[in-house]
Amino acid sequence: GDHIKLRKLDDSESKGTRVRVFGRVHRERKQKDVMFVTLRDGYGFMQVVISGQLAKTYDAVTLTRETSMEILGEMREVPAGARAPLNRELHADFFKIPKHWKAPGGDDAITNRVQADAEQAMLLDQRHLTLRGEVASGVMIVRDAVEWAFNQAYKELRFRKVSPPALVQTQVEGGATLFKFDYYGEDAFLTQSSQLYLETCLPSMGHVYCIEKSFRAEKSLTRRHLSEFTHVEAELDFITFDDLLSHIEHIMCRVLELVMADPVVAEKIKTMNPEFQLPERPFMRMKYSEAIDWLVKHDIPNEEGKPHAFGDDIAEAAERRMTDIINRPIFLTHFPAEIKSFYMSKAPEDARVTESVDCLMPGVGEIVGGSMRMDDYEELMAAYKREGIDPEAYYWYTDQRKYGSSPHGGYGLGLERFLAWLCKQHTVRDCCLYPRYMHRCKP
Ligand code: 4AD
Ligand code: MG
């Protein structure tokens, strides 16, 4: 009848409301004459009490976790402090479990709660089931909120969203990590970054951004490298390097503010990352050359085990030790041209270094990479040459320097790395729906 409402489990209920709900058994606890079921539907959890004759039925006695149910009953308040979420529980007077809604039960792996020791690979093969766990689904729910927040934060600044192609014939971040494939008899690649395309939008669209997949054939297994990741990228026109840094700081803080304003999402973040606090502004700024001195002073060696020297790459391990010790966001700036991408413009005050920035976060390291771009034609041609790039395929990128150039810059933020930091996850693999990394392409 119309007194029965179909509702989601997070809807607020008042005492005495009759409801009909659908969900899956997240947990169940059987006592002598009564059973307690925690029902889950992706929006919330509800405690269901099944008692009396109903608790003695075959379906109740054999009830297993993950089984789907339809339940009718009455909402009742429970004393504050009781185990029921939201201090209310549903007293069932009828439930229905069609035969094919039943789950086999008994397998802890499916809910991702009790298997710290289980094999990583086995868990990842079962990702379609482990996604039902509270942490796995919690990260995905935070991820949804973070993506919406980026869209909103960019909209507030009047950035326009565009959607560049994933199938390309140009590299952005070096040939070593390109995924190459046959494109109707020609060579093509999966895009490493949408940056070059974003740059072509500036003249007619103003500041632009995109949230797209980027692909890298990373031939090593680390906890922060994926073969396919979600890249939040933006490009800003007629700016200075300082403008770029303040913008990155703003966008990251605004996104966090928006995300934390949602109580459901904030609660999930606090559960996974109890110490989380909004970062203080301004972020610490540190030049690459100062970082090298810092690493030497703290006896943190380079990849060959020798003391760091100007020109060295700051590798993942060193970077992470640095962020863990400093323990706050760092803008690492002014990297030497040799260790950075071909398109980065030189710093006007020191030709050895570029106007480049990495944003480093405790626990993860580099989350954002950005720079000002070469806006001069001759300089760009020289950079292609230095990098061994054939300029032909880049004619459209080069043309931007012929048809009304401008001082501009931008950045890319790895969404999974941002989430690994925000949700305190050990690896970016736990921050995407179905992770892709060396040798893994399923499910
Ligand atoms: O530092 P990267 O390589 O910079 C670029 O691609 C620029 N073209 C972006 C731009 O200026 N528009 O990558 C940017 C960020 C990194 O800081 C990191 O967070 C993420 O993308 N990233 C990865 N995340 C997961 N797995 C990988 N293999 C990643 N490679 C980069
Ligand atoms: Mg980088």
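## Close-up views of a predicted model

Figure 1. Glu 66 is partly exposed, because 18 other C-beta atoms lie within 10 Å, a count between the limits of 12 or fewer for exposed residues and 20 or more for buried ones. The model shown here and in the following views is predicted. Glu 66 belongs to the loop that runs between α1 (58-61) and β5. Its phi is positive, at about 80 degrees, although the residue is not a glycine. Most residues other than glycine have a negative phi.

**Figure 2. His 334, another non-glycine residue with positive phi.** The phi of His 334 is about 60 degrees. The residue is found in the loop between β14 (330-333) and β15 (346-347). His 334 is buried, because 22 other C-beta atoms lie within 10 Å and the limit for a buried residue is 20 or more.

**Figure 3. Overall context of the close-up views.** The protein contains 12 helices and 19 strands. Its C-alpha trace spans about 85 × 50 × 40 Å along the principal axes. Of the 443 residues, 35% are buried. Among contacts between residues at least 6 apart in sequence, 62% join residues at least 24 apart. The UniProt record, an unreviewed entry, places the feature "domain: Aminoacyl-transfer RNA synthetases class-II family profile" at residues 142-435. In the model, the end C-alpha atoms of residues 142-435 are 17 Å apart, and the span is 34% helix and 23% strand.

**Figure 4. Pairing of strands β3, β4, β5 and β6.** Strand β3 (residues 34-40) is joined to β4 by 7 bridges, and the two strands run antiparallel. In this pair Arg 40 stands opposite Phe 45 of β4. The hairpin of β3 and β4 has 4 residues between the strands, and Gly 42 takes a positive phi near 90 degrees there. Strand β4 (residues 45-51) is in turn linked to strand β6 (residues 88-96) by 3 bridges, in this case in the parallel sense. Val 48 is placed opposite Leu 90 in β6. Strand β5 (residues 68-77) pairs with β6 through 8 bridges, in the antiparallel sense, and Met 75 has Leu 90 as its bridge partner in β6. Strand β4 is mostly covered, with 5 of its 7 residues buried.

**Figure 5. The nonpolar cores.** The largest nonpolar core comprises 67 residues, of which Val 142, Val 146 and Leu 419 touch the most other members. Helix α4 (residues 134-156) makes the greatest contribution to this core, with 9 residues. Leu 419, when its neighbours within four places in sequence are set aside, is in contact with Val 139, Val 142, Arg 143, Val 146, Gln 425 and Cys 431.

**Figure 6. Surroundings of ligand 1.** The ligand is surrounded by 24 residues, and the closest are Ser 193, Gln 195, Gly 369, Gly 412 and Gly 414. The elements that supply two or more residues to this shell are β12 (228-237), β18 (365-372), β19 (408-414) and α12 (415-422). By residue class, the shell consists of 8 nonpolar, 9 polar and 7 charged residues.

**Figure 7. An open sheet of 3 strands.** The strand order is β8-β10-β9, with antiparallel pairing. The edge strands, β8 (167-168) and β9 (180-183), each pair on one side only. Between β8 and strand β10 (residues 186-190) there are 2 bridges, and Val 168 stands opposite Phe 189 in β10.

Figure 8. Pro 282 is located in the loop between α7 (263-272) and β13 (284-287). Most peptide bonds are trans.

Notes:
Residues are numbered from 1 along each chain as its sequence is written. Chains are lettered from A and ligands numbered from 1 in the order in which they are written. This is a predicted model: local features need pLDDT of at least 70, side-chain atom pairs count only at pLDDT 80 or more; totals for chains, interfaces and linings use all residues. UniProt positions are given in the numbering used here, feature names are shortened, and annotations may be inferred rather than shown by experiment. A nonpolar core is a set of buried Ala, Val, Leu, Ile, Met, Phe, Trp, Tyr and Cys residues joined through C-beta atoms within 7 Å. Two residues are in contact if their C-beta atoms, placed from the backbone, lie within 7 Å. Two strands pair if DSSP finds at least two bridges between them. A residue is near a molecule or strand if its C-beta atom, placed from the backbone, lies within 6 Å of it. Ala, Val, Leu, Ile, Met, Phe, Trp, Tyr, Cys and Pro count as nonpolar, Asp, Glu, Lys and Arg as charged, and the others, Gly among them, as polar.
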